[in-house]
Amino acid sequence: MKSMGLLAAGAFLALGLATATASAQEADTLQRIRATRTATMGVRDAAAPLSYALGNSQFAGYHVELCRKVLEELAPGVKINYVTVTSTNRVALVKNGTVDMECGSTTNTDARQKEVNFAVTTFMAEIRMAVKKGSGYQSIAQMDGKTIVTTAGGTGVPMLRKQARLNKADYNIVTGRDHAESFL
């Protein structure tokens with residue numbers, strides 16, 4: 001069963017309530033937002049330029065601003081509460097109603113579409129490799145036997161597993177809690 005909430009995704013803005021096929025649960029979410037005059041927006045604290053913390057419980061970014069505009073259109077004057085979400089909990093928090101919408105950097109995948117609704121594409125990106133300058137690594141195929149770090153809960157782990165199969169390689173995959181920890 002799909003989420004009753006809204007999901008703003010990194011590569012996509014997912015607004016189940018705004019879709020033509022909105023379910024009764026999604027309509028209930030919008031009715032509750034309008035009745036309480038409050039919406040809970042799931043945001044990322046370090047997913048610039050899409051969602052990032054400014055301090056003092058304030059957030060900015062392309063998807064945060066886009067979500068604000070959608071809320072203004074669907075429920076004018078609504079108060080927005082912010083809940084920081086992570087790569088590993090964002091879909092679950094939309095699905096269980098902790099947040100009404102997630103406005104961060106979530107890729108629209110077939111697996112996630114089974115749990116939450118997505119709407120229009122707003123941002124396209126691709127996963128890239130960052131290696132130490134002068135290392136000589138030019139492709140993922142050269143990383144056999146090496147440790148590769150990616151962010152937990154993102155699309156990096158499945159992509160790396162697929163690349164390992166395709167390249168007949170064995171990567172030691174380590175995950176960080178967020179992008180900052182992964183780069184560290």
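This is a predicted model: local features need pLDDT of at least 70, side-chain atom pairs count only at pLDDT 80 or more; totals for chains, interfaces and linings use all residues.
The chain has six helices and 10 strands. Of its 184 residues, 39% are buried. Among contacts with a separation of 6 or more, 67% are between residues 24 or more positions apart.

The structure holds one, formed by Cys67 and Cys103, whose sulfur atoms are 2.1 Å apart. The torsion about the S-S bond is about -110°, so the disulfide is left-handed. Both Cys67 and Cys103 are buried.

Ile33 is found in helix α1 (residues 24-36). Its relative accessibility is 0%, so Ile33 counts as buried, the cut-off being under 20%. Leaving aside residues up to four places away in sequence, Ile33 touches Thr38, Ala39, Ala75, Val78 and Asp100. Asp100 lies 67 residues from Ile33 along the chain, yet the C-alpha atoms of Ile33 and Asp100 are separated by 8.4 Å.

Strand β3 (residues 38-43) comes next. Five of its six residues are buried, which leaves the strand mostly covered. β3 has two parallel pairings to consider. With strand β7 (residues 79-84), β3 pairs in the parallel sense over six bridges, and Lys79 in β7 is the bridge partner of Thr38. With β8, β3 pairs in the parallel sense over three bridges. In that pairing Val43 stands opposite Cys103, the cysteine that forms the disulfide with Cys67.

A separate arrangement to examine is the open sheet of three strands, with the order β4-β5-β6 and antiparallel pairing. Its edge strands are β4 and β6 (58-60), each of which pairs on one side only. Strand β5 (residues 51-55) runs antiparallel to β4, and two bridges join them. In this pairing, Ala47 stands opposite Ser51 of β5.

The loops of this sheet hold two backbone details. In the loop between β4 and β5 lies Pro49, and the peptide bond that joins Ala48 and Pro49 is cis, with omega about 10°. In the loop between β5 and β6 lies Ser57. The phi of Ser57 is near 60°, a positive value in a residue other than glycine. Ser57 counts as exposed, because its relative accessibility is 57%.

Rolling a probe the size of a water molecule over the atoms shows where empty space is left. The largest pocket has a volume of about 1400 Å³ and is lined by 39 residues. Elements that give two or more residues to its lining are β4 (46-47), β9, α5 (156-167) and α6 (179-183). The largest share, five residues, comes from β9. Nearest the centre of the pocket lie Glu126, Ile127, Arg128, Thr150 and His179.

Two further loops complete the tour. Lys168 lies in the loop between α5 and β10 (172-176). Its phi is near 50°, again positive in a residue other than glycine, and Lys168 is exposed, with a relative accessible area of 74%. Gly145 has its place in the loop between α4 (110-113) and β9 (147-151). With 60% relative accessibility, Gly145 counts as exposed. Gly145 and Ala169 are 24 residues apart in sequence, and their C-alpha atoms are 7.1 Å apart in space.

Note on methods: Residues are numbered from 1 along each chain as its sequence is written. Side-chain values use heavy atoms; hydrogens and water are left out. A disulfide is a pair of cysteine sulfur atoms within 2.5 Å. Buried means under 20% relative accessible area, exposed over 50%, partly exposed in between (1.4 Å probe, protein chains only). Helices (H or I, at least four residues) and strands (E, at least two) are DSSP runs, numbered from the N terminus. Two strands pair if DSSP finds at least two bridges between them. Contact means heavy atoms within 4.5 Å. On a 1 Å grid over the protein atoms alone, a cavity is a set of points where a 1.4 Å probe fits but cannot get out, and a pocket is an open set with protein on both sides within 12 Å along at least five of seven lines; lining residues have an atom within 4 Å of a point. Grid points are joined across faces, edges and corners, and a volume is the space filled by probe spheres set on the points.
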